[in-house]
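Here is a brief report on a single chain. Keep the sequence and the model side by side while reading.

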Amino acid sequence: MNYKTDISYRKESLKKLLHFIVINEEAIIEALYLDFKKCRFEAVVTETSYVISDLKHTIKNINSWAKPKRVLPSILNFPSQDFIYNEPYGKILIIAPWNYPFQLVLCPLIAAVAAGNQVVVKPSELTPNTSAIISQILNQTFDKNHVDVIEGGIEVATALLTQRWDYIFFTGSVEVGKIVAQSAAQFLTPVTLELGGKNPCIIDDSAELQLAAKRIVWGKFVNAGQTCIAPDYILIQATVKEKFISFLKDEITNAYGENPEFSPDFSRIINSKNWYRLSEMLNGSNIIFGGQTNEETLYISPTLIDEPSENHALMKGEIFGPLLPIIAFENEAAIQKIISKYEKPLALYVFSKNSKFSRKIIQEYSFGGGCINDTMVHFANKRLPFGGVGHSGIGSYHGRFGFDTFTHKKSIVKKGNWIDIPIRYAPYKDKINFVRKLLKWL
């Protein structure tokens, strides 16, 4: 089968994938729970339903996305018809992370298949139950020459990166992203890198503090903070800091109860390595809420930390866990001083009823994407590209943007033969003045 040109085959493959995901949804939810106690609501909203919605959207639009687009020709090429053809890159490698182990395999895969590529998927070894159900579903859906799944750890990923690919799509840490980019450079392979960063959450004194606290608690502690676009630290105007902290405490209790360890809605840390990394960040911290840990169950409670120093481990890199530093600021210069210490983040959030302040923050700082008066919800809109900038990533996807990521835009001019204007041919003589006048009008 020619995956490259047969749009109907791609469409039918995606319909088949949709069928197997729907009938295996309960098994997927169970696998996510077994891997790190992801609750049913989060599994459905952030994993299975998100992927199902993405599939339906792609199936609905694949024909219009894939067809050649006619564009206005240049007068210099008269007479001609000009087109952009959507050509798949070819053989794609997708390396997925563990934090959203179903969604972050399937969504780039859907886009790559829709664009007509052959795909090899490497799911995370840290979520073996989810990786196993992914492998089962994809093996049921696709011929192995079309889509193949290769499970394994670092050694498998390393071996895959030594091979030659036409495109590599990686989601994960900045450190591993650099390794992927170096490997891709050996063959000048284009890449999309979906990485992370220290995402600031800025709150001024005009914000609706209680609502802001509720939305931040959700965005920070969903998936136990193991989300690349979660708020990493809060910058709050000093005059409302204590009031806001009180609201934060209330909202954490409202969401997860007096003891979040027994909440059915709070996930666990993925493994011992990450549990130790996060636990060590608590050392020397001014904990004002939470701070409880349980090594046996890989539990770390939703934790608020007051005014960590810039040299503290919490502030040296992306936290990627349920620890939330809170830092007061007096003025905009103080905001700039803190944010400028870090590389460009994947997300930025600002809470304010002052539209002038919000616009200034959004325009002044470079980041992947974000929200005004909410957190993380920009990820949900398929009409918005999702991706980072600088150290937080290269390239973007979601909806049509995902199809375009895995597509080479091939430019074609179809020249008419009924007339051949001689001006471009030598001898040129006095033609240059005419050309200069013509170009002024183009």
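## Asparagine 223

The model is predicted. Start with asparagine 223, which touches Phe36, Lys38, Glu42, Asn99, Tyr100 and Ser267, not counting residues up to four places away in sequence. With lysine 38, the side chain of asparagine 223 makes a polar contact of 3.4 Å. Asparagine 223 sits in the loop between helix H8 (209-221) and strand E9 (233-237). Its relative accessible area is 0%, so asparagine 223 counts as buried.

The backbone of asparagine 223 also deserves a look. Its phi is positive, about 60°, although the residue is not a glycine. Most residues other than glycine have a negative phi.

## Lysine 37

Lysine 37 is another residue with a positive phi, near 55°, and it is not a glycine either. Lysine 37 lies in the loop between helix H2 (25-36) and helix H3 (40-66).

## The chain as a whole

The chain has 14 helices and 20 strands. Its C-alpha atoms fill a box of roughly 80 × 55 × 35 Å along the principal axes. Of the 442 residues, 52% count as buried. The chain exposes about 20,800 Å², and carbon and sulfur atoms supply 54% of that area.

## Cysteines

How many disulfides does the model have? The count comes to zero. Cysteine 201 is in no disulfide, and the nearest cysteine sulfur, in cysteine 371, is 9.6 Å away. Cysteine 201 is buried, with 0% relative accessibility.

The cut-off for a disulfide is 2.5 Å between sulfur atoms. Cysteine 228 has a relative accessible area of 15% and therefore counts as buried.

Ile75, Leu76, Phe78, Trp418, Ile419, Ile421 and Leu439 make a nonpolar surface patch of about 700 Å². Isoleucine 75 is in the loop between strand E1 (69-71) and strand E2 (80-88). At 48% relative accessibility, isoleucine 75 is partly exposed.

Phenylalanine 78, one of the patch residues, is joined to proline 79 by a cis peptide bond, with omega about -5°. Proline 79 is in the loop between E1 and E2. A cis peptide bond also joins alanine 426 and proline 427, where omega is about 0°. Proline 427 lies in the loop between E20 and helix H14 (431-440). Most peptide bonds are trans.

## Valine 413

Which residues does valine 413 meet beyond its sequence neighbours within four places? They are Asn77, Ser80, Gln81 and Asp82. Valine 413 belongs to strand E20 (residues 407-415). Is valine 413 buried or partly exposed? Its relative accessible area is 45%, so it counts as partly exposed.

Isoleucine 288 gives a sense of span. It is 125 residues from valine 413 along the chain, and their C-alpha atoms are separated by 66 Å.

Notes: Residues numbered from 1 in each chain as written. Predicted model: local features only at pLDDT ≥ 70, side-chain atom pairs only at ≥ 80, totals over all residues. Heavy atoms only, no water. Helix = DSSP H or I, 4+ residues; strand = E, 2+ residues; numbered from the N terminus. Buried < 20%, exposed > 50% of the residue type's maximum accessible area, 1.4 Å probe, protein only. Contact = heavy atoms within 4.5 Å. Polar contact = N/O pair within 3.5 Å; in protein donor to acceptor, adjacent residues only side chain to side chain. Patch = residues over 30% accessible without salt bridge, like charges linked within 9 Å, V, L, I, M, F, W, Y side chains within 5 Å. Areas by Shrake-Rupley, 256 points an atom, 1.4 Å probe, with all protein chains shown as cover. Salt bridge = Lys/Arg side-chain N within 4 Å of Asp/Glu carboxyl O.
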